Amino acid sequence: MKTTQISAEERKKAFASARKPEVVEKQRLDVRYHVEDIDVKDRPRRFLEAFAAILKHSNYQMALDHYVRMSAKCSRCATTCQVYQATGDLKDIPCYRSELLLSVYRRHFTLGGMLRGRALGSGYLTDEKIQEMADSFWNCTACRRCVNECPSGIDHGLITHLGRYILSEIGIAPRALVVSVREQLEGTSGNTSAIPVPALVDTLEFLSEDMLEDKGVEIPFPLDVEGSDYVFYPAVSDFLMEAETLMGIAAVFKATGDSWTTGTGYFDGINYGLFYSDRMLERILKKIDAETRRLKGKTVLIGECGHASRSAKAFLPTYCGGKDAYPVINIMEYTYDVWKAGRLKLDPNVITEKVAYHDPCNLARQGWIVDKPREILKSFCKNYVEMTPTGIDNICCGGGGGTVSIDEIRSYRTAVGGKLKADQIRKSGAQFLVAPCANCKKQLKELVEDQEIDCEVMGLHDLIYRAIIFPDSMKVKPAEVESGQKGEE
Amino acid sequence: MDALLEFARGPLFRFSLAIMLLGLARVVLLDLSAAYMAYRRAGDKSIPWNWVIRRTLMWFFPVNRIFASRPVYSLFSIIFHVGLLLVPIFLYAHVELWRGAIGFGWWTLPKAVADWLTLAAIVFGLLLLILRISSRASRFLSRKQDFLWPLILLVPFVTGYICANAGVGPAGYRFGMLLHILSAEAIFILLPFTKIAHCVLMPLSQLISALAWKFPAETDDDVCTTLNKKGAPV
């Protein structure tokens, strides 16, 4: 059998914990991610209380009942899980991970399980089991590739999602995510990167100046324009790390002339709630809804970010008005439509490098956005190559499910989570890897660095920015550019 | 033995059949009622029907997923299931029994096909068990019932095949039939309470999984109230 497993040495490095032994001891929790101070007393009881409360106010019980009745343990998921493929650790098999929570459910929430457990005096939830779940559920990148291979239709991604949610209710959640969400919901900046509005305004002005110099075109980032067709929510970290992606998006809107705006009241598409808490998912989406309402916008436009797109697309209707909720689209859908309509011209001679497209799990797994970006890329990238498997069967970047934001587990992400992806990138020989997702981009950049792959990771709109053709009528004359800049100075 | 055989063919058969049908109806109804409740409380009631139906059909006829993972196991499993489902329902001798009991029958398999399918179910059932034991991952995941089921399921197939095809004499035939019927009845009784319930639950899986992602609209408030966390910081 083909081995994809990492070596013992890589494994040791990947699983090294950054946490101080005394903290591990104090928290009675041996996991690799930092956790804020938690109450260690009565953990099993509190876990079960949280589990019960969540079951009461959700639709998970239906799925759990169904899954415990029919799971056939065929182990087909094992061959699709990139984490298991890299570690070879049987406990990383998706079906085993799901069984951790299903067994608690069976023992404590089904009649048969309770009777058997009482009769045998066994199976009661213990601290050890909680520890195992806390470890296991965050080894998973929530890519949900295993879901495609389960003949029984068990959604292991859903179970991991639920498991993390319950754990978070007893305080076990990666500190990196909790701190970001706290800033987003309760902090003064109101976004996960803690960017104050004046800094945002400065950044956008600076980017516009850059574009004027680059392209000779005045490309604005409209702020707080009421009644715009599109209200824009990128992963807020793009403002710090992915300027070219934002410039590409602004350039597309400049070319089409459609109205779009970014709201200074709220401008963050990131929703870590999708990764660890439905409660936070709801609160964050309500902020998007409120800001769109304030700006009297028509459509919620999410930037290049998989989880931000999926969380808004799938759950804005859930929490904000059902079928009356604002429509949600991803920026690539918009760009595809205007490109298809001939409103966007791209120069086919600019990009000569070998380009490959990486499918973000949250966009591709259920077949939402697969072909559109490829069509655009193939139209202007002469040397486009495909990685296999792709589309709904794509291999995750290895930083999915929020793990990319946990810096202390970088070595795990790039050695274990991203192992298969690294092999795939290497095999493709791509020089430019297009990954239209803030999560994927950060992870893949770290992955190519740690795995020493000669490949540049970027967004779709980064390339579009390089190749976009503006009509001469939009161009500002050189003298005006100069005087404009002098005036600014 | 004749009396026992009569008992197995008569009252015991009716009893086990009733357990199976009622048991399966129970799990299906539980699923459907839970699905209905989930739908009613969902904040977003748009069900991705296209996706659900496509995926459900895909797993009914999983030919295009065979080679995606564990190809040998998957192929064996499909052949095994075909034999397992078709033979008991469409075997001429079985249909004739139904015709005698309820007054009507249905299409039947030609004898040769039925024999080959029986053999296929036996051989591929055993091969599946061997693969389950020999694969490290499968062995690790498997519970007792996962090892036992292939063996239990094979008993009626083996006994049925022998009785129908081998000259075992009247006494041997009766003994074989008794085993055949009793094992089938044991399967009927166990079926709704074990993983084999997937025979009726599988068509609902994709719908259930899709619906489970349709959360109620006020999760935050409700869970906070129940857990006494109202107003607590993030």
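1. Two strands are taken as paired if DSSP finds at least two bridges between them. The model discussed here is predicted. In chain A, strand β1 (residues 230-233) and strand β3 (residues 299-302) run parallel and are joined by four bridges. Within this part of the model, Phe232(A) stands opposite Leu301(A) of β3(A).

2. These strands belong to an open sheet of four strands in chain A, with parallel pairing and the order β2-β1-β3-β4. Its edges are β2 (260-261) and β4 (328-330) of chain A, each of which pairs on one side only. Helix α18 (residues 331-340) of chain A packs on the sheet and touches β3 and β4 of chain A. The direction of α18 makes about 75 degrees with that of β4(A).

3. How many residues does each chain give to the contact between chains A and B? Chain B supplies 53 residues and chain A supplies 51 residues. On the side of chain B that touches chain A, the elements giving two or more residues are α2 (11-41), α3 (49-60), α7 (136-141), α10 (198-212) and α11 (219-226) of chain B. Of these, α10(B) gives the most, with 10 residues. By class, that side of chain B has 29 nonpolar, 13 polar and 11 charged residues.

4. Within chain B, α2(B) packs against helix α9 (residues 169-190) at an angle of about 25 degrees, and their axes are 7 Å apart. Angles under 35 degrees count as roughly parallel, and α2(B) and α9(B) are therefore roughly parallel to each other. Their crossing is left-handed. From α2(B), the residues Leu12(B), Phe13(B), Ser16(B), Leu17(B), Ile19(B) and Met20(B) meet Ile181(B), Glu185(B), Phe188(B) and Ile189(B) of α9(B). This contact of α2(B) with α9(B) has eight nonpolar residues, one polar and one charged.

5. Helix α1 (residues 2-9) of chain B also packs with α9(B): the axes come within 10 Å and cross at roughly 30 degrees. That angle makes α1(B) roughly parallel to α9(B). The crossing of α1(B) with α9(B) is left-handed. On the α1(B) side, Leu4(B), Leu5(B), Ala8(B) and Arg9(B) take part, and they meet Arg174(B), Met177(B), Leu178(B), Ile181(B), Leu182(B) and Glu185(B) in α9(B). The residues of this contact of α1(B) with α9(B) divide into seven nonpolar, no polar and three charged.

Key. Residues numbered from 1 in each chain as written. Chains lettered and ligands numbered in written order. Predicted model: local features only at pLDDT ≥ 70, side-chain atom pairs only at ≥ 80, totals over all residues. Contact = placed C-beta atoms within 7 Å. Axes fitted to C-alpha atoms, helices over the stretch in contact; angles between N-to-C directions. Nonpolar A, V, L, I, M, F, W, Y, C, P; charged D, E, K, R; others polar. Parallel < 35°, antiparallel > 145°, perpendicular 65-115°, else oblique. Left-handed = near helix turned anticlockwise from the far one by under 90°.
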